[in-house]
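Welcome, and thanks for bringing your viewer along.

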Amino acid sequence: MNDFNLSFTPLLPLPLFAVLGICALIVVGLGFYARRRGTFLRAVGFALLLLALADPAIVREDREPLKDVVAIVVDRSGSQTIGERPQQTEKAKAALEKSLDALGHVDVRVIESGRTDADSDGTQLFSALNTGLADVPAERVGGVFMITDGVVHDIPKDVEALGIKAPLHALITGHEGERDRRIELLDAPRFGIVGKDQTIELRVDDTGSKGEPVVLHVRRDGNPIANVTAHPGERIRIPVRIEHGGQNVVEIEVDALPDELTAINNKAVLSIDGVRDKLKVLLVSGEPHQGERMWRNLLKSDANVELVHFTILRPPEKQDGTPINELSLIAFPTADLFGRKITDFDLIIFDRYSNQSVLPTIYLDNIVRYVRDGGALLFAAGPDFARPEGLFYSPLGRIAPARPDGSLTEHAFRAVVTSDGAKHPVTRGLAGADQNPPAWSQWFRQVNADVARGTSVLSGADGKPLLVLSREGKGRVALLLTDQMWLWARGFEGGGPHLDLSRRLAHWLMKEPDLEEEALRATVEGHDLVIERQSLKDQVPPVKVTAPSGKQETVTLSPAEPGLSRARVKTDEIGLYRLTDGQLSVLANVGPENPREFQEVVSTPDKLKPLAEATGGTVRRIATDATGDIALPRLVAMRESPVYGGPDYAAIKRTGTSEVKGVGVAPLAIGFLGLLFLLASLLGTWAVEGRRNAGLRKG
């Protein structure tokens with residue numbers, strides 16, 4: 001195909017060329033005004049001269065027509081895997097490719113969306129279209145066909161935002177009359193105070209519902225906590241108690257219908273991070289000593305701790321003549337602290353306290369019950385613990401994790417992390433523990449005792465237990481068999497990790513999830529599930545992983561560091577995974593907690609219809625029934641038109657674009673032809689002027 005065009009390439013700058021043209025006009029104009037003969041020929045001569053300076057040329061372009069680019073965007077998102085939709089999609093794709101090839105002069109681009117991005121935020125067909133046509137000029141695009149269920153989440157607001165001037169045709173999979181029941185979260189809290197309720201607001205949407213009530217099953221960390229009856233469309237409020245710090249995984253599930261599309265959106269999952277408001281700690285000090293303020297300063301330095309501190313210096317029956325103005329102005333509130341309000345405390349610490357009869361037996365029994373019901377108790381023992389008046393020989397001895405043998409060690413020694421302590425989160429990785437001897441200062445006094453229950457994580461002189469941790473009922477007890485930790489706090493001989501150890505100890509007592517000595521954890525890194533087993537045992541059992549679809553896999557964990565074993569599992573599904581080793585269980589959610597892709601799965605032509613019709617395209621269902629059979633419109637090619645489709649056909653636009661393969665230039669004012677015209681003009685002018693002059697001489 002050849003195209004011919006006239007082009008000009010002035011030999012002079014345009015301003016100078018314009019000046020010459022104006023001068024020529026003035027000369028010619030004066031000639032006509034004076035009615036001088038030959039003016040017309042002079043005008044022709046000037047015109048030919050200016051034309052020569054403009055350098056006109058005929059340009060011949062050899063063009064090759066380009067194929068019209070037609071995109072087929074195939075929706076491979078999660079909702080397209082439901083029911084008969086995969087079969088419909090494959091049939092429509094194959095039929096479209098065949099029909100477009102039959103039209104001829106068409107470059108078909110197949111763009112698949114959603115296959116490699118399982119956790120994208122919904123169906124992103126237009127983003128995929130823009131990426132797939134990034135190398136194609138907009139004028140070459142002859143049409144776009146989208147094979148989708150119609151639930152698209154990145155629809156442009158208008159044709160200008162679409163960026164192409166070609167018809168958009170949407171072929172909708174699925175079938176009429178689809179039904180689906182789903183849970184829509186309206187208000188889902190992300191954080192909650194431990195021990196308090198958080199309210200989750202939701203609604204059950206049921207397309208085609210007749211108003212029948214539904215039952216919602218509520219679970220926290222895999223354990224059932226409530227069943228709630230509600231009606232579809234009703235706003236439902238469900239209170240959930242935040243039981244512990246860290247993630248509290250809440251599942252809300254509604255029974256599936258026999259004829260609904262999918263049950264994957266019948267469940268809503270959310271993680272609520274439990275945080276403690278104020279940690280309320282009761283510190284009871286007995287005999288004054290140099291380390292007494294260490295515990296107080298440690299607890300007061302944490303803004304999240306509300307500390308109640310009492311120092312009991314003597315029993316009430318003691319009469320030593322102390323002046324009245326030096327006595328306490330208030331009585332020790334034993335009834336409040338160890339009776340009515342004992343459950344308000346997250347932790348109770350006895351620091352070198354001996355059984356001085358200040359606390360009657362009934363209150364010590366209350367402390368035992370408090371611990372067994374889930375409380376936390378720390379003994380920071382001094383020499384009195386080894387004597388008959390020590391707390392071990394009170395009712396608290398029933399929960400003490402070690403029995404004193406009545407002797408003391410009073411010479412220099414260094415605390416050492418035991419083999420179990422190297423695995424325990426409270427003492428694992430303490431700064432200086434990896435050296436021999438440990439890189440911290442010596443202590444000089446220890447209460448000698450034998451472990452009765454629990455785990456010794458620090459040992460002292462002669463390998464005897466120094467720090468013993470145990471569980472008692474639902475609560476926890478720690479026994480520190482020395483009153484010398486203050487030497488670390490004061491920096492004696494370089495000090496030691498007293499802050500790290502004390503904080504870990506307090507948080508373990510208050511059941512911080514990260515400090516559990518026996519724990520199964522699962523975290524999500526991209527599409528990988530990282531499984532971690534914390535244990536004091538030498539061997540850990542394999543973990544059974546159950547995918548959202550019910551598919552099961554057994555995973556063997558490998559030792560990673562003392563007390564920790566890990567494994568990494570590739571996942572190919574999004575949703576809630578359940579993990580268990582037979583004793584411990586944990587939940588982990590891969591991808592968005594409630595994927596946007598599955599929040600709305602009923603196929604619809606309504607979402608794409610406004611945009612498609614604005615481009616002149618069409619939107620139509622392709623299913624003939626619910627079996628997977630389809631019927632496509634016939635495809636035709638049209639020149640530019642406001643409408644590219646009808647009830648039984650869909651059209652692409654013939655763009656008429658071409659590519660220049662060669663260029664030929666033929667100058668008009670330079671060469672023989674230009675010289676001939678210029679010479680003819682000069683000769684004509686000379687002849688006319690010559691005859692005029694001859695006439696004047698004769699006259």
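**Stop one: around Trp295**

Select Trp295 and show what surrounds it: setting aside neighbours within four places in sequence, Trp295 is in contact (heavy atoms within 4.5 Å) with Leu283, Ile349, Asp351, Leu378, Ala380, Leu480 and Ser502. Before you go on, note that this is a predicted model, where local features need pLDDT of at least 70 and side-chain atom pairs count only at pLDDT 80 or more, while totals for chains, interfaces and linings use all residues. Residues are numbered from 1 along each chain as its sequence is written, and side-chain values use heavy atoms, leaving out hydrogens and water.

**Stop two: an open sheet**

Next, select the 5 strands of an open sheet, in the order 8-14-13-10-11, with mixed pairing. Helices (H or I, at least four residues) and strands (E, at least two) are DSSP runs numbered from the N terminus, and two strands pair if DSSP finds at least two bridges between them. Strand 8 (191-193) and strand 11 (223-230) stand at the edges with a single partner strand each, so one side of each lacks a neighbour in the sheet.

Zoom in on strand 13 (residues 246-254) and strand 14 (residues 267-275), an antiparallel pair with 8 bridges. Here Asn248 stands opposite Ile272 in strand 14.
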